[in-house]
Amino acid sequence: MLQSGRGSIPAKAGIGLRFPHHQAVAETRPAVAWLEAHTENYMGGGSSLRYLDTIRRDYPLSLHGVGLSLGSAEELDAAHVARVRRVVERFEPGLVSEHLSWSVVGGTYLADLLPLPMTEEALAAVCTHVDEVQAALNRRLLIENPSTYLRFRHSTIPEWEFLSRVAERTGCGILCDVNNIYVSACNHGWDAMAYLDALPAAAVGEIHLAGHAVRTLDDGRTLRIDDHGSRVAPAVWALYAEAVARFGPVPTLIEWDTDVPALEVLLDEAARAETFLRQVEHEHACADVA
Amino acid sequence: MSTPAPTLLELQRAVHRSLCAHDDATAAACIVNDGIDPAARLGIYRNTFASALTNALRLSYPAVKRLVGVECFEGVAHLFIEAEPPRSANLDDYGAGFAEFLTRFEAVAVLAYLPDVARLEWTVNRALHAPDVASLDLGRLYTLKEEEQARVCFTPHPSAGLLRLDHPADAIWRAVLARDDAALAAIDPATGPVRLLVHRAEEGIEVSRLDEAAWCFTEALFAGRPLHFVLEDALCADPQLLLAEHLAAERLVAFEFADG
């Protein structure tokens with residue numbers, strides 16, 4: 001039996017744990033409901049793992065992977081699955097997540113979350129790999145929608161339907177990255193609200209929020225780039241309000257990876273997300289009474 | 001438009017060629033062209049790919065970066081990334097071949113000691129990320145019979161590494177990371193070779209110099225040669241003391257018995 005998607009992570013706002021904040025978090029124990037770490041950053045030994053051991057004693061922890069390459073046409077890297085399993089066994093996280101993307105071909109790791117063609121063949125590959133990883137870890141995965149900067153001509157399935165079908169076929173949950181929906185919707189002319197509407201609410205086990213950049217190309221057109229390098233954009237907060245209205249209070253993470261700021265900035269963003277969660281919790285409670 | 005849709009594997013191979021070899025033709029033909037050049041869209045991914053790996057190299061080779069400057073480092077890093085992209089999603093393991101790559105790179109040939117600094121930084125990086133292992137049961141070791149002790153073959157801690165370098169890379173590395181220009185200026189790169197022991201201690205990474213005899217003794221120990229051979233062959237003054245030091249510093253983490 002696979003463990004439930006929400007595990008021990010509370011329906012509150014958490015922050016992404018990055019190396020520059022290890023010591024501050026371990027020593028000052030800031031008031032934040034939970035933390036999320038990148039699985040790939042804890043595959044060796046030494047002080048990073050000891051910090052995470054310490055931090056894990058004080059906070060619910062989620063592990064977010066970037067390297068499984070669930071969308072590869074070829075087989076998963078068994079050694080990497082084994083590394084992920086070791087990290088999961090050591091830290092016993094409340095949630096484990098990965099991406100709807102690929103990064104490995106011919107044994108080369110391309111170090112990015114690359115876009116998939118939205119085809120039946122890719123859907124089958126992703127589902128097979130999600131099944132394999134869920135079996136290897138003996139637990140449910142959450143799969144995150146990506147930010148994308150291109151679409152393939154031969155795609156036949158809308159991304160929101162593709163993701164929903166992965167969840168339906170494999171029993172995995174969905175990590176709804178609201179910033180990614182906004183970025184991809186802007187880049188491809190999609191309707192972000194329709195994307196949210198299409199996701200199965202019961203499968204959404206976590207939400208991600210982050211900042212993005214706007215890049216102007218040579219011809220003056222713009223693309224939004226998911227760089228996790230700034231505060232959450234106002235339009236993304238607005239979309240987040242729509243997301244929690246649909247999905248209810250869901251564990252929500254503030255991510256920041258480029259030019260990581262002082263811990264206080266992340267805590268401030270988390271506090272803002274918390275106000276949305278408390279609001280929707282209040283509304284749900286009122287609706288229950290009525 | 002009339003070309004058949006690629007399989008997932010064909011498409012992924014095409015994107016690989018685009019990112020690593022700047023060969024966009026096949027991948028670009030598969031991308032919706034709605035006014036933004038498909039090659040520019042692929043370029044966004046290539047940038048992320050290159051910057052993520054450049055950053056991984058920057059973290060592993062901070063002294064090399066300072067010695068050659070940011071611009072030169074990024075240039076070399078990009079060429080290295082395209083020539084030797086990672087074979088694993090565990091980026092702690094990425095960059096093993098960088099020192100050898102530097103020896104073939106003419107623009108930095110004037111810094112003859114640079115590959116040695118890179119070799120040291122890679123060994124330090126390996127030590128930083130090596131797995132944690134249980135300590136050796138010293139009680140068990142010391143209660144072995146003499147005949148058993150003679151046949152002991154040790155396993156070193158996974159963080160332990162030995163280097164024999166032509167240049168005083170340890171002194172250069174320390175001065176560069178400390179931004180101590182006076183110390184750096186005082187180093188004669190022609191003094192060498194140096195023999196180094198790298199290992200992760202409780203307090204952090206330790207890099208120490210050994211003399212030739214101590215280095216050879218330690219190398220034989222770390223290679224798992226039976227203890228009596230290692231002691232017999234030892235040329236250092238007090239091999240038992242050095243063995244005790246390695247044990248006390250937890251540089252040896254397990255043992256088994258040689259046959260016979």
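**Exercise 1.** Work out how helix α3 (residues 78-91) of chain A and helix α4 (residues 120-137) of chain A pack.

*Solution.* Start with the numbers: in this predicted model, the two helices pack at an angle of about 40°, with their axes 10 Å apart. Angles under 35 degrees are roughly parallel, over 145 roughly antiparallel, 65 to 115 roughly perpendicular and the rest oblique, so α3(A) and α4(A) are oblique to each other.

Now see who touches whom, where contact means C-beta atoms, placed from the backbone, within 7 Å. V81(A), R85(A) and V88(A) of α3(A) make the contact with V133(A), A136(A) and L137(A) of α4(A). Finally, sort these residues: 5 are nonpolar, none polar and 1 charged.

A note on the ground rules: residues are numbered from 1 along each chain as its sequence is written, and chains are lettered from A in the order in which they are written. Because the model is predicted, local features need pLDDT of at least 70 and side-chain atom pairs count only at pLDDT 80 or more, while totals for chains, interfaces and linings use all residues.

**Exercise 2.** Describe chain A as a whole, from its helices and strands to its buried residues.

*Solution.* First, the parts list: chain A has 9 helices and 12 strands. The C-alpha atoms fill a box of roughly 50 × 45 × 45 Å along the principal axes. Last, buried residues (20 or more other C-beta atoms within 10 Å of their own) make up 51% of the 290.

Methods: Axes are lines fitted to C-alpha atoms, for helices over the stretch in contact, and angles run from 0 to 180 degrees between N-to-C directions. Helices (H or I, at least four residues) and strands (E, at least two) are DSSP runs, numbered from the N terminus. Two residues are in contact if their C-beta atoms, placed from the backbone, lie within 7 Å. Ala, Val, Leu, Ile, Met, Phe, Trp, Tyr, Cys and Pro count as nonpolar, Asp, Glu, Lys and Arg as charged, and the others, Gly among them, as polar. A residue is buried if 20 or more other C-beta atoms lie within 10 Å of its own, exposed if 12 or fewer, and partly exposed in between; C-beta atoms are placed from the backbone.
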